[in-house]
Amino acid sequence: MRNLLFTIRYDGSSFHGWQVQNNALTVQEVFQTAVSEIISSCPDIKGCSRTDSGVHANMFCISMKTEHSIPCERFLAAINSHLPDTVACLKVEEIPLDFHARYSALGKRYVYKVHNSPVKDPFLRDRALRYRRPIDELMLNKSAQDFVGKHDFTSFCTLDKREKGDFVRTVKEFRVWREGDMVYFSVTADGFLYNMVRIMVGTLLYINENPAEKDSIPKIFSEKNRAFAGPTAPAMGLYLDKVFYPKIREEDMT
């Protein structure tokens with residue numbers, strides 16, 4: 001038995017998220033189909049996250065146990081020939097049998113992209129949120145530091161059957177910066193709740209429009225009520241940027 005790790009990236013605008021759904025195309029479905037074309041079956045695969053409809057990934061990891069002997073370099077070439085143009089496999093490597101793409105992760109980094117311009121860019125359609133009002137990125141970067149640390153994020157998530165009652169997460173870094181007309185929101189944490197990043201970004205954009213609320217994030221935490229946070233930012237601007245794993249050999253696989 002072998003355990004293989006696939007590192008992929010994808011444009012999520014044409015998919016209804018990662019997880020297989022009835023009557024909706026997902027990244028997991030096209031990945032499983034590609035694997036089946038190569039080894040005539042698809043073992044149970046484990047994705048590192050549950051990205052939602054319209055969310056993109058610069059780095060997404062999948063672990064899969066198989067008894068097939070195909071070399072990793074051949075698997076890489078073969079799977080890229082079977083995946084659609086919206087998905088690319090960057091690496092295939094053999095890893096320890098106890099490795100799990102989701103549960104072995106130490107943390108993740110998400111990036112949210114905002115196109116801050118009164119003029120639309122057709123090449124950013126479905127890949128960044130267009131936001132016409134001026135953004136004070138320095139003020140938002142300062143407010144974002146209130147997210148850093150260990151907190152109960154009940155106010156900053158959408159409650160559904162995914163959540164099991166533990167809403168405590170540790171945000172290790174949150175940065176907001178500008179590059180021309182693009183404003184980036186980058187957040188790294190040990191884990192994320194459903195819609196957590198999109199609600200944090202939506203709250204910061206609300207603060208941008210209401211500067212008097214720039215110190216409101218600690219109070220929102222204390223309320224433990226989703227109604228006190230800002231709106232949920234649209235999915236199109238969100239990217240799973242990196243997944244962090246422990247070192248499993250001489251070189252860190254990430």
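In strand 9, valine 187 is the bridge partner of tyrosine 110. Strands here are DSSP runs of E with at least two residues and helices are runs of H or I with at least four, numbered from the N terminus. This is a predicted model, in which local features need pLDDT of at least 70 and side-chain atom pairs count only at pLDDT 80 or more, while totals for chains, interfaces and linings use all residues. Residues are numbered from 1 along each chain as its sequence is written, and side-chain values use heavy atoms, with hydrogens and water left out.

**Strand 9 and its partners**

Strand 5 (residues 107–116) and strand 9 run antiparallel and are joined by eight bridges; two strands count as paired if DSSP finds at least two bridges between them. Strand 8 (residues 168–179) also pairs with strand 9 in the antiparallel sense, over eight bridges. In that pairing, phenylalanine 185 of strand 9 is the bridge partner of valine 176. Strands 8 and 9 form a hairpin with two residues between them, and glycine 180 in the turn has a positive phi of about 65 degrees.

Strand 9 spans residues 182–189, and eight of its eight residues are buried. Buried means under 20% relative accessible area, exposed means over 50%, and partly exposed lies in between (1.4 Å probe, protein chains only). In a regular strand the side chains alternate between the two faces of the sheet. Both faces of strand 9 are covered, with Met182, Tyr184, Ser186 and Thr188 buried on one side and Val183, Phe185, Val187 and Ala189 buried on the other.

**Salt bridges**

The structure holds nine salt bridges, each a side-chain nitrogen of Lys or Arg within 4 Å of a carboxyl oxygen of Asp or Glu. The table gives some of them.

| Pair | Closest N to O |
|---|---|
| Arginine 2 and glutamate 94 | 3.3 Å |
| Aspartate 11 and arginine 127 | 2.4 Å |

Arginine 2 forms its salt bridge with glutamate 94. Arginine 2 lies in strand 1 (residues 2–10) and glutamate 94 in strand 4 (residues 87–95), so the pair ties together parts 92 residues apart in sequence. Arginine 2 is buried at 13% relative accessibility, whereas glutamate 94 is partly exposed at 40%.

Aspartate 11 pairs with arginine 127. Aspartate 11 is buried at 15% and arginine 127 is partly exposed at 34%.

Arginine 109 is partly exposed, with a relative accessible area of 24%.
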